Every structure is written in structure tokens, then in C-alpha cells.
Amino acid sequence: MKVYWEERRKGQRLVLDNESGQREELGGVRETKQGYDAFAKTFGYDPGRAMKGIPTMNDAKEFVESFSPWEMFDAHDVTVEPDLKPPFLSE
């Protein structure tokens, strides 16, 4: 399994990609006029997993990663790849 950040039009998404080609969006960051908004995916409602107005993209990404959302998919021993991937284009 791989976990990596992927470019999007106004920000980035954290993606889990397993060996069979299934992709799960784990969270994201988007740029706004007030800074960066970030969210980490959950199975239920949890308002603490989203935050607005984070000053930098790196701080926002750290916020998302701090929740280890990949663990919801039994990916416990993975690390986030350091390279930003281009947007995913489905075939």
C-alpha cells in the first residue's frame, strides 16, 4: 500500500493506493483567501478532523497526517511518500 499527496486544482489530496489499484481519498488541503483548509476522512461525523485558516500548506498537511486516516483501511505500517504526485487521470 502507498500513501501520497496528489495535486488538485486548488490544493492537494491525501490518497491511499493499494496493490489492486483501488484508491481511497484520506483527506485534503485547499487554499483559500484566509489560508488553508484541511480535513481528514472519518467513518463518522467528527468536526475536530477539519480546520480552516491554517497558515501554510505544510502545516495543513501535517494536520491531516496527524490523524493517520490510512489506519481506517488497515494500513498501519505505511509512511506518506515525500513526492507530490500529479493529478490522477482515470482511463
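**A colleague's note on a predicted chain**

1. Asp74 sits in the segment after α1. Its phi is near 55°, a positive value in a residue that is not glycine.

2. A word on the ground rules. This is a predicted model, in which local features need pLDDT of at least 70 and side-chain atom pairs count only at pLDDT 80 or more, while totals for chains, interfaces and linings use all residues. Residues are numbered from 1 along each chain as its sequence is written, and side-chain values use heavy atoms, leaving out hydrogens and water.

3. Now for the overall plan. The chain has 1 helix and 5 strands; here helices (H or I, at least four residues) and strands (E, at least two) are DSSP runs numbered from the N terminus. Read from the N terminus, the order of elements is β-β-β-β-β-α. The radius of gyration is 13 Å, close to the 12 Å from the globule rule for 91 residues, so the chain is as compact as a globular protein of that length. That radius is taken over C-alpha atoms, and the rule is 2.2 Å times the number of residues to the power 0.38.

4. What size of box do the C-alpha atoms fill? Along the principal axes, roughly 40 × 30 × 20 Å. Of the 91 residues, 34% are buried. The accessible surface comes to about 6100 Å², and carbon and sulfur atoms hold 48% of it; these areas come from the Shrake-Rupley method with a 1.4 Å probe, and for residues only the protein chains shown count as cover.

5. In soluble globular proteins, nonpolar side chains tend to be buried together. The largest nonpolar core here has 17 residues, and Val3, Leu14, Val29, Ala38, Val64 and Trp70 touch the most other members. Elements that give two or more residues to this core are β1 (2-8), β2 (11-17), β3 (23-32), β4 (35-40) and α1 (57-65). With 4 residues, α1 gives the most. Such a core is a set of buried Ala, Val, Leu, Ile, Met, Phe, Trp, Tyr and Cys residues joined through side-chain atoms within 4.5 Å.

6. Leu26, in strand β3, is buried because its relative accessible area is 0%. Leaving aside neighbours within four places in sequence, Leu26 is in contact (heavy atoms within 4.5 Å) with residues including Val3, Leu14, Ala40, Trp70 and Phe73. For the chain as a whole, 39% of contacts between residues at least 6 apart in sequence join residues at least 24 apart.

7. Finally, some details of the helix, what follows it, and the charges. Asn58 lies in helix α1 and counts as exposed because its relative accessibility is 51%. Its C-alpha atom is 9.6 Å from that of Tyr36, 22 residues away along the chain. Ser68, in the segment after α1, has a positive phi of about 45° without being a glycine. The 13 positive and 18 negative charges have mean positions 9 Å apart; Lys and Arg count as positive, Asp and Glu as negative, and His and the chain ends are not counted. Each charge is placed at NZ of Lys, CZ of Arg, CG of Asp or CD of Glu.

Key
Buried means under 20% relative accessible area, exposed over 50%, partly exposed in between (1.4 Å probe, protein chains only).
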